[in-house]
Amino acid sequence: MKKSKKILYPFVTIILPILLISIAVIWLSSFFELNDYNGNGFLIRLSEITFNHPRKVACIILFLILLSGIRLLNKNKEYAPTDIYGNYPVFVYYIAWLLLGYKKVNLKMKPIPLQFQLLNINALKCYDDTEYSEKHYKYKVTHKGKLDKNTKQINIIVSDTYTIDFDKLPKSVVDNYTINIDREDGKGIRTSSTELIEIIIKEVQNSKKYCKNFNLFLSTPATTNKRIFCQVFQTGLRDKFILNIYQQDNENNFKFKDKPITIKC
């Protein structure tokens, strides 16, 4: 049931409204006629503005009016609510925002790479209503490899909610300089840690003079991911960070997929 709802959701929320608007526009435009305006000494020959046919003008005007009405209805609505797993391509969310006026997205129940893409749109209200534990945990930081001016990419592994094994990473990145941040206890418990964010900030600041291209391998909840993006990497393109966010494949023993989602921030 949930699977079919997930498949139908973009059709019901995007394709169907646009289709209905188009049908209504075509029907309503049949009653449209442009007449000249003559008043107060002004003559506006609207009848000559035909675009080969006055109904084309009517279609454009009516489409924009009806679309504006839909956008007004959607402005306080959330797109892809958390009763379905919203792993749609980011362009679906982009269309929902740009064309149909949706303003809010709950990052919960969205894949981690998609969370970063949604945050990067920078026009959606992205939030997370997950209830987190208030417990505080310690983190251990280790480094692998050599960091210098020849470094092309840096791996950041954050084992927070659960442990990420190094052998789960794609073979193409295993030789990179790696920053490994591991929560020392409390695995399986979702928490939003200020200490973790401070550690990531420190590690990025120390390494960005050598390399600004980061591969992210994360087992972090949505609120933490939002803080990582907003507090660590979103600098208005000043630092020109490149983020490659990798997704684990639950059909392949949770190994990370070879191809990441890449964003610039």
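Does Ile-181 count as buried or exposed, and at what relative accessibility? I looked: Ile-181 has 0% relative accessibility, so it counts as buried (buried is under 20% relative accessible area, exposed over 50%, partly exposed in between, with a 1.4 Å probe and protein chains only).

Housekeeping before going on. I am working with a predicted model, where local features need pLDDT of at least 70 and side-chain atom pairs count only at pLDDT 80 or more, while totals for chains, interfaces and linings use all residues. Residues are numbered from 1 along each chain as its sequence is written, and side-chain values use heavy atoms, with hydrogens and water left out.

**Ile-181**

I placed Ile-181 in strand E7, residues 177-183 (strands, E, are DSSP runs of at least two residues and helices, H or I, of at least four, numbered from the N terminus). Then I listed its contacts (heavy atoms within 4.5 Å), skipping neighbours within four places in sequence: Tyr-139, Lys-140, Val-141, Ile-156, Ile-157, Val-158, Ser-159, Leu-196, Ile-199 and Ile-200. One of these, Ile-157, is 24 residues away in sequence, with a C-alpha to C-alpha distance of 6.0 Å.

**Aromatic rings**

I counted 12 aromatic pairs (rings of Phe, Tyr and Trp, its six-membered ring, with centres within 6.5 Å; planes under 30 degrees apart are stacked, over 60 edge-to-face, the rest tilted). Phe-116 and Phe-229 make an edge-to-face pair, at 6.2 Å between centres and 80° between planes. Phe-116 sits in helix H4 (residues 112-121) and Phe-229 in helix H6 (residues 222-233), so this pair ties together parts 113 residues apart in sequence. I checked burial too: Phe-116 is buried at 0%, and Phe-229 is buried at 1%.

Next I looked up Phe-217 and Phe-256: the ring centres are 5.0 Å apart and the planes at 85°, so I noted the pair as edge-to-face. Phe-217 belongs to strand E8 (residues 213-218) and Phe-256 to strand E11 (residues 255-256), so to speak distant parts of the chain, 39 residues apart. Both are buried.

I also found one aromatic cluster, formed by Tyr-9, Tyr-79, Tyr-88, Tyr-93 and Tyr-102.

**Surface**

Which residues make the nonpolar surface patch of about 440 Å²? I got Phe-91, Tyr-94, Ile-95, Leu-98 and Leu-99 (patch residues have over 30% relative accessible area and no salt bridge; nonpolar side chains, Val, Leu, Ile, Met, Phe, Trp and Tyr, are joined within 5 Å, like charges within 9 Å). Phe-91 lies in helix H3, residues 90-98.

Technical notes:
Areas by Shrake-Rupley, 256 points an atom, 1.4 Å probe, with all protein chains shown as cover. Salt bridge = Lys/Arg side-chain N within 4 Å of Asp/Glu carboxyl O.
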